[in-house]
Structures are given as structure tokens and as C-alpha cells.
Amino acid sequence: MELIQQLVNGISLGSIYALIALGYTMVYGIVRLINFAHGDVFMIGSFVGFYAVTMLGVGFFPALLLAMAACAVLGVVIERIAYKPLRNATRIAVLITAIGVSLLIEYVMIYLRGAQPEAYPGTLLPKQNLELFGVVISSQSLFILGTSLVLMILLQFIVHRTKIGKAMRAVSHDAEAARLMGINVDNTISATFAIGSALAGAAGVIFGIYYTKIDPLMGILPGLKAFVAAVLGGIGIIPGAMVGGLLLGVIESLVSGLGYSLWRDGVAFIILILILIFRPAGLFGKNVREKV
């Protein structure tokens, strides 16, 4: 029963990692860029949700939508200002820029509001314990998991059933050929950043509700773990990011449940090292032509 409890906790946590990892994997699938500022977009989403709840007095879903909208705009601004001029630059130049953007967002946030943490109101979602087959499951965990799954399904619909999704897949496959076919590559890349950043914003609000405490440097560790999840599933492959995030969350919860809670952060990076040594293409490989 304890094992099932840890699995439920792990899947709830993993769904948060999966939402952040989707942004990494979508951007990499289209422009071959690891956007290390993505964890800080997640942090901004968490604060937008927090201020929407505490200052505007809105509920969970309006706060979620506001955070997603704000982060989508932020993602497009970052892409247009920081990454678009470096489209043809060396990989190292883009990587250094991504790290610079990450630090800029963190310390602008600290300058504007200070470094002190904030706490999400505990009454935002109903807290009831449901007992199923002897396992006590928090209604909050189920709500978080349900919201994350709906967002992931929505993303799959956008990618496979909409015009912008088809454009994203075409640019991912061959940007030059897509341009020749009349697809606006720049707008497609911006849309990819917007969608990935919106998912990170949603993850920020969900994380704030799940863990209560948020602060301006909170995006560093979840951002790195989500990157590990993306690599674990196969970076550039959307289903891989989802599965990688869920797997990482379950592994972390199992490690904590076994009494090694001090190792729960370290285990993510042990997985990264093992994946890079034994299966650098990730669980879903890269044999598939369609990366997004």
C-alpha cells in the first residue's frame, strides 16, 4: 500500500516535470536550442498565479490561465530579443545567452520584489483525503494530475490537428523546405516558444499549490530536473518528455519512500549520467523523423 501511495505522489510530481520538459523538448525539436531560461519562465508563472490569487482574488483556473498567458508573452519576448538574432550563431553563443537570460530574469525578479519566499494560500483547492483500496490519496494530487493530463492532451491536439501544429512539425523536419513551401518559420518558432512557455507557467501555478512555498530562485532545480526528464524521454520528442517527466517523478518518490530523501535531488542527475552513457538518444530514441 505504501508503494501505491508513493506511485500516486510520484505521478503527481512527475506531471509537473513533464509540463516543464515539454517546453525544452518543443524548442529543441524546432531550433536545436536548449533554453535554460525555461525554468525561470516557470518561476514567473508561479508568481503571476500567486499575485492573481492574492491581489486579484481569483480562483485556481483564472490564475492558471493568467499565468499561462503572461508566460506565453514572456516566451515570445525572450525568443525575439535574445534568440532570434543568434539563429545562425554557434551553439556555444546561444547556450551562453540562454544562461544569461536565466540569470537576468532571476535577479530582475529579486530586484523588483526581494528574495523572500511567498506561500500559496492553502484554501485554493479543496483538501480532502480519498481512500481507495486502503490507499489514502489527496484530492489535491488528483486535481493536479488531472489538470496536467488535460494540458498534455491539449498540446497533442494542437501539434497534430491544427495549422500551427502542422507548421511546427514541418519546421522541425526541415526549416528551409518549410520556408520554401510558404510557412512563416519565424512566427512558427515564436508560437513554439509561446506554447512551451505557457505550459511552464501552468506548471509554476501547479507547483505553487503542491509545495506552497515559492521564491525567485525556485526555477533552477525543477528546470534542471525537467531537462533531465526531456533527455530521459528523448529530447525533441513530445511523448518522450511526458513519459520522462512522469518516470522521474515516480523514481524520486520511490527514493524518498525508501528512506533516502536526501538523495531525491541527486538521483535525477545520476539518471542523466546513465542515460548519456548507455542511451544518449533517450528512451524514445531519435530514429523517428517527426520530432515535434
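These exercises work through helix packing and aromatic pairs in a predicted model.

**Exercise 1. Describe how helix H1 packs against helix H2, and say which residues meet.**

Solution. 
- Two packed helices are described by the angle between their axes and the distance between the axes.
- Start with the geometry. H1 covers residues 2-31 and H2 covers residues 38-54. Their axes lie 10 Å apart, at an angle of about 135°.
- Classify the angle. H1 is therefore oblique to H2.
- The crossing of H1 past H2 is right-handed.
- List the contacts. H1 brings Ile 20, Gly 23 and Tyr 24, while H2 brings His 38, Gly 39 and Phe 42.
- Sort them by class. The contact of H1 with H2 holds three nonpolar residues, three polar ones and no charged ones.

**Exercise 2. Work out how H2 packs against helix H3 and what the contact is made of.**

Solution. 
- H3 spans residues 60-83. The axes of H2 and H3 are 8 Å apart, and the angle is about 145°.
- H2 passes H3 in a right-handed crossing.
- From H2, the contact uses Val 41, Ile 44, Gly 45, Val 48, Gly 49, Ala 52 and Val 53. From H3, Ala 63, Leu 66, Ala 67, Ala 70, Cys 71, Leu 74 and Ile 78 take part.
- By class, the contact of H2 with H3 has twelve nonpolar residues, two polar and no charged.

**Exercise 3. Decide how H1 and helix H8 are oriented, and classify their contact residues.**

Solution. 
- H8 runs over residues 185-211. H1 and H8 pack at about 165°, with axes 9 Å apart.
- Angles over 145 degrees count as roughly antiparallel, so H1 and H8 are roughly antiparallel to each other.
- The crossing of H1 and H8 is left-handed.
- On the H1 side, the residues include Asn 9, Ser 12, Leu 13 and Ile 16. On the H8 side, they include Ile 189, Thr 192, Phe 207 and Tyr 211.
- The contact of H1 with H8 counts 19 nonpolar residues, five polar and no charged.

**Exercise 4. Count the aromatic pairs, then classify the pair of Phe 50 and Tyr 51.**

Solution. 
- Rings pair if their centres lie within 6.5 Å. The count comes to twelve aromatic pairs.
- The ring centres of Phe 50 and Tyr 51 are 5.2 Å apart and the planes stand at 70°, so this pair is edge-to-face.
- Phe 50 is buried at 7% relative accessibility, whereas Tyr 51 is partly exposed at 26%.
- Finish with a cluster. Phe 42, Phe 207, Tyr 210 and Tyr 211 form one aromatic cluster.

**Exercise 5. Locate Ser 102 and name its contacts.**

Solution. 
- Ser 102 lies in helix H4, residues 91-113.
- At 10% relative accessibility, Ser 102 counts as buried.
- Neighbours within four places in sequence aside, Ser 102 contacts Phe 36, Ala 37 and Asp 40.

Conventions:
Residues numbered from 1 in each chain as written. Predicted model: local features only at pLDDT ≥ 70, side-chain atom pairs only at ≥ 80, totals over all residues. Heavy atoms only, no water. Phe/Tyr/Trp six-rings, centres within 6.5 Å; stacked < 30°, edge-to-face > 60°. Buried < 20%, exposed > 50% of the residue type's maximum accessible area, 1.4 Å probe, protein only. Axes fitted to C-alpha atoms, helices over the stretch in contact; angles between N-to-C directions. Helix = DSSP H or I, 4+ residues; strand = E, 2+ residues; numbered from the N terminus. Parallel < 35°, antiparallel > 145°, perpendicular 65-115°, else oblique. Left-handed = near helix turned anticlockwise from the far one by under 90°. Contact = heavy atoms within 4.5 Å. Nonpolar A, V, L, I, M, F, W, Y, C, P; charged D, E, K, R; others polar.
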